[in-house]
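Me: I'd like to learn how to read this model feature by feature. Could you give me the general idea each time, and then the case at hand?

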Amino acid sequence: RMEASCLELALEGERLCKAGDFKAGAAFFEAAVQVGTEDLKTLSAIYSQLGNAYFYLKEYSKALLYHKHDLTLARTIGDRIGEAKASGNLGNTLKILGQFDEAVVCCQRHLDISREQGDKVGEARALYNIGNVYHAKGKHLSWNTAQDPGYLPQEVKDTLQKASEYYERNLSLVKELGDRAAQGRAYGNLGNTQYLLGNFSEAIAFHKERLAIAKEFGDKAAERRAYSNLGNAHIFLGRFDISAEYYKKTLQLSRQLKDQAVEAQACYSLGNTCTLLQDYEKAIEYHLRHLVIAQELGDRVGEGRACWSLGNAYVSLGSHEQALHFARKHLEISQEIGDRNGELTAQVNMAQLRAALGLGPGDEDVGAAHPCSGYEAQGARPKKLQRNSMDSLDLLKFPSEKVSKDVWPQRLSVGICTQIPVDQERTQLFPRLRWTERLDSGTCLGCSDSPLSSQKINRTPSDEECFFDLLSKFQSNRMDDQRCPLEECPAEAAEAAATRVPALGERISQSTMMASPQTEEFFDLIASSQSRRLDDQRANVGNLPGLRITHNNLGHLRVEGDAQEPGDEFFNMLMKCQSSRIDDQRCAPPDSIPRGPTMPDEDFFSLIQRVQAKRMDEQRVDLASA
């Protein structure tokens, strides 16, 4: 009955996960593990499903743990297909955690075993996963360098080129298998890698293929991403009118999907595109809609960007009072979220606007009141209203306490208007370790602020000998603490006590040492102690949670005697995994630009200014002083 209970719990957990309730499904799987089972295949399936459930719940450390359990069990029972799948799951989890080198090793293992077993479907998935890892690594490196698409360091280009190669191999294989859905995913990711490499025409061709397959399957979310990515690519080819049409379709689909964050991203991109087309009233309309949604979702980063964009649009229309109001709000939000670049930009804009309005340092800003009540909150075209004074305008309310959290793009096939919020754990898993040596007395070695450090002390040879004697006494206990205690029987202890211990200055000949029986016993003891330490580092299947070892499954488990000497392949894999451990201990640099759920990929915000610098300068209005 206990066995049936474990299986029933696992089946219920699987049903809940398929229904999308991963939290409840994980609870049932955990209960199944607590009950335990002697069926090794069932336990392996539970580990895999539980790891996937925690992956979707964004609890990646737990996901990693259970996928490791799955891999250990699969290797123990000799299940090659199970080992391949567990390696693939581990690779995907490590990719999310930013451990790209280890992820590649696991995904490559998945690929090798799939080819060995003749599993074409598994081979295609492994190729796609490896491409995903290189794609994520390339995006991660490009964020740190803050370069335009096509103007990337060689390391980033090589990484993205590898991603593209694996995607192409995946595409070729899924075409052979006739898997249209997998073809769509491959086309989308190929378009994104070509976009990052600056090959915008090739990116457009791939995204059009992606769009066609998305329409074929009725996948509205994929269709929306394809329209967004097509708009992005056309921006860099200078085809702003075509980009605007694609972004409008993105906006329509986001409203059909009832995704407010994506709707705000589409409005943001449309507002910037209308600015490039010099349609400032339309730009204000879309930026106001972005601002309203950002306020509803509590996205302070999005609010700040919307205020910045609105200020620029109002300057282009000559409405300096409204521009000053939004510049002030941009400054407040930038200070709140720690956006130093935004803060400096807002201060410069405010200084120029105050000078244009003839305001001195002590004058009250004329733009202190909300100037945008002449526009509908839902982002419709501006509707002029009769108003008596600026003080009576109070439409947009800006929350001051709720601060949006940063997000990390999870899905790779996203564009300017698409960003899926996930955990913001960009810091390394292991902080940098700082080792300090100290004396037991608490005196730091090498401290330069000590009053004695600047004085030169003349020491005689006897003083130096006293110093080293003192140092030896202080450090003797620390050395003893690191020695392993030697277990002795009472008879041996008495014999050892009767044996004279030679003084430190005495010389013992090598022949005497080798002839001593105590010496041989000492080395035997060291050998046995070290062998136990190695055994402690070996994986033990008895430690797997939920595994009940019985005489029925004992024969299927590999015991220590079956272990084989590792080959070159194992050591090569070990070197790859260990190569990045030093990097894991380095501190990650802080993010220079915060991100928010209503903001598309940040490259659009900065790139549009750099690529179109001359056009933006032509749109600026000379501010005449009062």
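Me: How much of the protein chain is buried?

Reply: Buried means under 20% relative accessible area, exposed means over 50%, and partly exposed is in between, with a 1.4 Å probe and protein chains only. Here buried residues make up 44% of the 626 residues in the protein chain. Bear in mind that this is a predicted model: local features need pLDDT of at least 70 and side-chain atom pairs count only at pLDDT 80 or more, while totals for chains, interfaces and linings use all residues. Residues are numbered from 1 along each chain as its sequence is written, and side-chain values use heavy atoms, with hydrogens and water left out.

Me: How many helices and strands are there?

Reply: Both are DSSP runs numbered from the N terminus: helices are H or I with at least four residues, strands are E with at least two. The protein chain has 25 helices and zero strands.

Me: What share of the contacts joins residues at least 24 apart?

Reply: A contact means heavy atoms within 4.5 Å. Among contacts between residues at least 6 apart in sequence, 64% join residues at least 24 apart.

Me: Which residues have the most contacts inside the largest nonpolar core?

Reply: A nonpolar core is a set of buried Ala, Val, Leu, Ile, Met, Phe, Trp, Tyr and Cys residues joined through side-chain atoms within 4.5 Å. The largest one has 56 residues, and Ile46, Leu50 and Leu73 have the most contacts inside it. Leaving aside residues up to four places away in sequence, Ile46 touches Cys6, Ala10, Phe29, Ala32 and Val33. There's also a second, separate core of 22 residues, including Tyr195, Leu196, Phe240 and Tyr247.

Me: What about aromatic pairs: how many does a search of the whole structure find?

Reply: Rings of Phe, Tyr and Trp (its six-membered ring) pair if their centres lie within 6.5 Å; planes under 30 degrees apart are stacked, over 60 edge-to-face, and the rest tilted. The search turns up 13 aromatic pairs. Tyr54 and Tyr66 are stacked, because their ring centres are 6.1 Å apart and their planes at 15°. Tyr54 lies in helix H3 (residues 40-56) and Tyr66 in helix H4 (residues 60-77), so the pair ties together parts that are twelve residues apart in sequence. Tyr54 counts as buried at 7% relative accessibility, and Tyr66 is buried too, at 9%.

Me: Is the pair Phe55 and Tyr60 stacked or edge-to-face?

Reply: Edge-to-face, because the ring centres are 5.5 Å apart and the planes at 75°. Both residues are buried. Along with Phe22 and Tyr56, Phe55 and Tyr60 form one aromatic cluster.
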